[in-house]
Amino acid sequence: RIYESGSEPGQAIASANRAVDEGAKIILGPLFADSANAVGNAVAPRGVNVLSFSNNADIAGGNVFVLGNTFDNVANRLVRYGVKNGKRRILLVAEDDTAGQVAARAIEGAIGANGATLAGKAIHPVSTSGIDGIIPNVSSAVGSGNVDAVFVTANQGAVLPYLLDKLNGAGVNAASTQMVGLTRWDQPAARLQLPGVQGGWFAVPDTRMKTQFDQRYR
């Protein structure tokens, strides 16, 4: 059965409790870490496990299991690839929320582990005004010539397009510095048409193996 978890922990908890009331023995989801953690706590006394599609390993433990690619894995892969291609001075742009904080720690860890340099951080509230507030600083840093890459953690449907659009408008794009995304910039596919995405780097599963998987389980 499918239950709508929404984007808020409260709705996710209500849906999970209703699912268990109606006989669910295991829960797949929710996607977002806050909701998955809340659901895990809510159904733990009832002996139900939660398999979340979150990529935040911090919520794993007890009756909560994480199935997604972790921020640590993706950050390490991208920073290592960047260093091999001469992108050693990395400016971090992250949201000031739980996911953004975890993602930022993963990127900073990958920078340290791969011999790169943290060229600065721009942490923004998850709002249009919060994003607008950091654009001048990011643009100035890139314009200084001391930044090889801008590593962005944003993922939410409205946040990533707005952020990349504002950065692109301020001249922060692949023409000025390498743009890197911790999340999938090809989902939904329409994102690939965004001007700020062009020339950017992000990690995806091996396309050949993914095609084989899709064909086998179609």
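Predicted model: local features only at pLDDT ≥ 70, side-chain atom pairs only at ≥ 80, totals over all residues.
Residues are numbered from 1 along each chain as its sequence is written, and side-chain values use heavy atoms, with hydrogens and water left out.

E22 forms a salt bridge with R1, and their closest N and O atoms are 3.2 Å apart. The term covers a side-chain nitrogen of Lys or Arg within 4 Å of a carboxyl oxygen of Asp or Glu. R1 sits in the segment before α1 (9–21) and E22 in the loop between α1 and β1 (26–28), so this pair ties together parts that are 21 residues apart in sequence. Helices (H or I, at least four residues) and strands (E, at least two) are DSSP runs, numbered from the N terminus. R1 itself is exposed, at a relative accessible area of 78%. R18 joins in as well: R1, R18 and E22 are linked in a network of salt bridges.

## Other salt bridges

Side chains of opposite charge can pair when their charged atoms come close. Across the whole structure, a search finds eight salt bridges. One of them joins K121 to E108, with the closest N and O atoms 3.4 Å apart. This pair links distant parts of the chain, K121 being in strand β5 (residues 117–124) and E108 in helix α4 (residues 98–113), 13 residues apart. K121 is partly exposed at 48% relative accessible area, and E108 is partly exposed at 30%.

Within helix α7 (residues 207–217), D214 and K210 are four residues apart, which means they are separated by about one helical turn. Their side chains meet in a salt bridge at 2.9 Å, N to O. D214 is partly exposed at 30% relative accessibility, and K210 is partly exposed at 41%.

## Where α5 meets α6

Now for a helix pair. The axes of α5 (residues 128–143) and α6 (residues 159–169) come within 10 Å and cross at roughly 35°. Axes here are lines fitted to C-alpha atoms, for helices over the stretch in contact, with angles running from 0 to 180 degrees between N-to-C directions.

The contact (heavy atoms within 4.5 Å) is made by T128, I131, D132, I134, I135 and V138 of α5 together with V159, Y162, L163, K166 and L167 of α6.

Technical notes:
Buried < 20%, exposed > 50% of the residue type's maximum accessible area, 1.4 Å probe, protein only.
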